[in-house]
Amino acid sequence: MQKAIHSKEPPNYVTIESAVAGDSDAIYAVLNHYRGYIVFLSTKWFRDDFGEAHNYVDEELRQRLETKLILRVLTFRLNRQ
């Protein structure tokens, strides 16, 4: 996985419009914006035999969430007035 450069600014309208149209760079920009949240959602905790708490990122869950986001972006309907 590439290291994400996270921006607190949400993707602008042109980027979202390009992502909805299927532009892979724009889709990557949207994914990159939400990557931290996706990692947070896919983090799991467990306790080892000594009672120590550990966390890890469930890669399968992370990939499923990213795939769902991509599918939602591609099926998003923009109101063009």
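Predicted model: local features only at pLDDT ≥ 70, side-chain atom pairs only at ≥ 80, totals over all residues.

Start with the whole chain. Of the 81 residues in the protein, 21% are buried. Buried means under 20% relative accessible area, exposed means over 50%, and partly exposed is in between, with a 1.4 Å probe and protein chains only.

Residues are numbered from 1 along each chain as its sequence is written, and side-chain values use heavy atoms, with hydrogens and water left out.

**Stop 1: the fold**

Switch to a cartoon view. You will find three helices and two strands. Along the sequence, their pattern is α-α-β-β-α. Helices (H or I, at least four residues) and strands (E, at least two) are DSSP runs, numbered from the N terminus.

**Stop 2**

Select Arg35 and Glu66. They form a salt bridge, and their closest N and O atoms are 3.0 Å apart. Arg35 sits in helix α2 and Glu66 in helix α3, so the pair ties together parts that are 31 residues apart in sequence. A salt bridge is a side-chain nitrogen of Lys or Arg within 4 Å of a carboxyl oxygen of Asp or Glu. By this rule there are four salt bridges.

Are Arg35 and Glu66 buried or exposed? Both are buried. For Glu66, the relative accessible area is 12%.

**Stop 3: the network**

Arg62 and Glu66 are four residues apart in helix α3, so about one helical turn separates them. Arg62 is buried too, at a relative accessible area of 7%.

Arg35, Glu59, Arg62 and Glu66 are linked in a network of salt bridges. Glu59 is in helix α3. With a relative accessible area of 37%, Glu59 is partly exposed. Glu59 and Ser42 are 17 residues apart in sequence, but 7.5 Å apart in space, C-alpha to C-alpha.

**Stop 4**

Select Lys44 and Asp58. Here is another salt bridge, with the closest N and O atoms 3.5 Å apart. This pair links distant parts of the chain: Lys44 is in strand β1 (residues 43-47), and Asp58 is in the loop between β2 (53-57) and α3, 14 residues apart. Lys44 counts as partly exposed, at 34% relative accessibility.

**Stop 5: the largest pocket**

Rolling a probe the size of a water molecule over the atoms shows where empty space is left. On a 1 Å grid over the protein atoms alone, a pocket is an open set of points where a 1.4 Å probe fits, with protein on both sides within 12 Å along at least five of seven lines; lining residues have an atom within 4 Å of a point.

The largest pocket holds about 180 Å³ of space. That volume is the space filled by probe spheres set on the points, which are joined across faces, edges and corners. Select its lining: Pro10, Pro11, Ile16, Ala19, Val20, Val30, Tyr34, Leu69, Arg72, Val73 and Phe76. The elements giving two or more residues to this lining are α1 (13-21), α2 and α3 (59-74).

What classes of residue line the largest pocket? There are 10 nonpolar, no polar and one charged. Ala, Val, Leu, Ile, Met, Phe, Trp, Tyr, Cys and Pro count as nonpolar, Asp, Glu, Lys and Arg as charged, and the others, Gly among them, as polar.

**Stop 6**

Select Thr75, in the segment after α3. Thr75 counts as exposed, at 55% relative accessibility.

**Stop 7: helix α2**

Select Tyr28, which is found in helix α2. Tyr28 is partly exposed, with a relative accessible area of 34%. End with Tyr37, which lies in helix α2 (residues 24-41).
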